[in-house]
Amino acid sequence: MTVMSVSRFERFFRVAAGLDVDKNDLKRYSDFVDAKLYDLLIVAQATAKANGRDIVRLSDLPITKGLQESIHRFRKIDDEVELKPILEQLATHPVLDRQPDEETESAYPEIIGGLSLALAHAFKILHPDLKNPQSHHWDQVREVFDLLI
């Protein structure tokens, strides 16, 4: 990731939740994003299959009310931090039995943005005074998301 990308990533977490993350957190963040997008796509694939379709549509993704609200808040924050172009690079997925359509794939950056905003807020919910997340904080937040997504 470029220096500019790292600084936008850092700025995003400062704006989103007052957190100071650094380039060492990028790997944890990238792993989180990959895993949660994959989890959403696995459920979406099952929905498409149950509906007799060979493609995954955006409506197949299990986007909850809370995640939808985070996506909307991400759009507002992204006007300031311009993270979406970086998220487009992170928005990859493994080969699935049913491939997503173009509309679904184009939504990945904002979905990842919503997940990112929810992640930042989860740190503050679990640890209100937290400024610089450590490995155990990442592990705790990841466990919460694993329960829900």
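Biologist: Is Lys84 buried, partly exposed or exposed?

Modeller: Good place to start! This is a predicted model, and in it Lys84 is partly exposed, with a relative accessible area of 26%.

Biologist: Which residue does Lys84 pair with in a salt bridge?

Modeller: First the general idea: side chains of opposite charge can pair when their charged atoms come close. Here the partner of Lys84 is Glu110, and the closest N and O atoms are 3.5 Å apart. Lys84 belongs to helix H4 and Glu110 to helix H5 (residues 102-126), so this pair ties together parts that are 26 residues apart in sequence.

Biologist: How many salt bridges does the count come to?

Modeller: The count comes to 11 salt bridges. Another of them joins Arg8 to Glu82, with 3.8 Å between the closest N and O atoms. Arg8 sits in helix H1 (residues 3-17), while Glu82 is in the loop between helix H3 (65-81) and helix H4 (84-90), so the two connect parts that are 74 residues apart in sequence. Both partners are partly exposed: Arg8 has a relative accessible area of 21%, and Glu82 has 43%.

Biologist: What is the phi of Glu82?

Modeller: The background is that most residues other than glycine have a negative phi. Glu82 has a positive phi of about 50 degrees, although it is not a glycine. Its place in the chain is the loop between H3 and H4.

Biologist: Which residue with a positive phi follows H2?

Modeller: That is Gly52, with a phi near 70 degrees. As for H2 itself, the helix has 26 residues and reaches 38 Å from its first C-alpha to its last, close to the 38 Å expected at 1.5 Å a residue.

Biologist: Is Lys36 buried or exposed?

Modeller: Lys36 is buried, with a relative accessible area of 0%, whereas Asp39 counts as partly exposed at 24%. The pair also belongs to a network of salt bridges that links Lys36, Asp39, Arg142 and Asp146.

Biologist: Where is Arg53 found, and which residues is Arg53 in contact with?

Modeller: Arg53 is found in the loop between H2 and strand E1 (55-56). Its relative accessibility is 14%, so Arg53 counts as buried. Leaving aside neighbours within four places in sequence, its contacts are Ala48, Asp60 and Arg98.

Biologist: Let's finish on the surface. Which residues form a nonpolar patch there?

Modeller: The patch is made of Leu126, Val144, Leu147 and Leu148, which together have about 420 Å² of accessible area. Helix H6 (residues 135-148) supplies the largest share of the patch, 3 residues.

Methods
Residues numbered from 1 in each chain as written. Predicted model: local features only at pLDDT ≥ 70, side-chain atom pairs only at ≥ 80, totals over all residues. Heavy atoms only, no water. Patch = residues over 30% accessible without salt bridge, like charges linked within 9 Å, V, L, I, M, F, W, Y side chains within 5 Å. Areas by Shrake-Rupley, 256 points an atom, 1.4 Å probe, with all protein chains shown as cover. Salt bridge = Lys/Arg side-chain N within 4 Å of Asp/Glu carboxyl O. Helix = DSSP H or I, 4+ residues; strand = E, 2+ residues; numbered from the N terminus. Buried < 20%, exposed > 50% of the residue type's maximum accessible area, 1.4 Å probe, protein only. Contact = heavy atoms within 4.5 Å. Expected span 1.5 Å × (residues − 1).
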